[in-house]
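Here is a protein model to explore. Keep the sequence and the 3D view side by side as you read.

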Amino acid sequence: MCEINVILLRGENRERVMDSVAKILVEGNSIQLTGILGDRMTVEGSLKEVNFSRGEALILAD
């Protein structure tokens, strides 16, 4: 199973917002993250990049 760590970008700052994400759902500028244990978090922004080789997804903050 592939899990991804999600990083929120605010200018030059990188903030890890959630680890072991199994699902990313994008609806407009709202991004819902679901972890492997079912925990959920919603982040406002836009999905910039998903890099499976690095195991991370980058979200640009609004």
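Is Thr-34 buried or exposed? Thr-34 has a relative accessibility of 13%. Buried means under 20% relative accessible area. Thr-34 therefore counts as buried. Keep in mind that this is a predicted model.

Now look at where Thr-34 sits. Its place is in strand β3, which covers residues 30-35. What does Thr-34 touch, leaving out residues up to four places away in sequence? Its contacts are Met-18, Val-21, Ala-22, Lys-23, Asp-39 and Arg-40.

Step back to the whole fold. Five strands make a closed barrel. Follow them in the order β1-β2-β3-β4-β5. The pairing in this barrel is mixed. From one strand to the next, the twist averages 65°.

Next, zoom in on one pair of strands. Strand β4 spans residues 40-51, and strand β5 spans residues 56-61. How do β4 and β5 pair, and over how many bridges? They are antiparallel, with six bridges between them.

Val-26 belongs to strand β2, residues 13-27. The relative accessible area of Val-26 is 42%. Partly exposed residues lie between the buried limit of 20% and the exposed limit of 50%. So Val-26 is partly exposed.

Key: Residues are numbered from 1 along each chain as its sequence is written. This is a predicted model: local features need pLDDT of at least 70, side-chain atom pairs count only at pLDDT 80 or more; totals for chains, interfaces and linings use all residues. Side-chain values use heavy atoms; hydrogens and water are left out. Helices (H or I, at least four residues) and strands (E, at least two) are DSSP runs, numbered from the N terminus. Buried means under 20% relative accessible area, exposed over 50%, partly exposed in between (1.4 Å probe, protein chains only). Contact means heavy atoms within 4.5 Å. Two strands pair if DSSP finds at least two bridges between them. Axes are lines fitted to C-alpha atoms, for helices over the stretch in contact, and angles run from 0 to 180 degrees between N-to-C directions.
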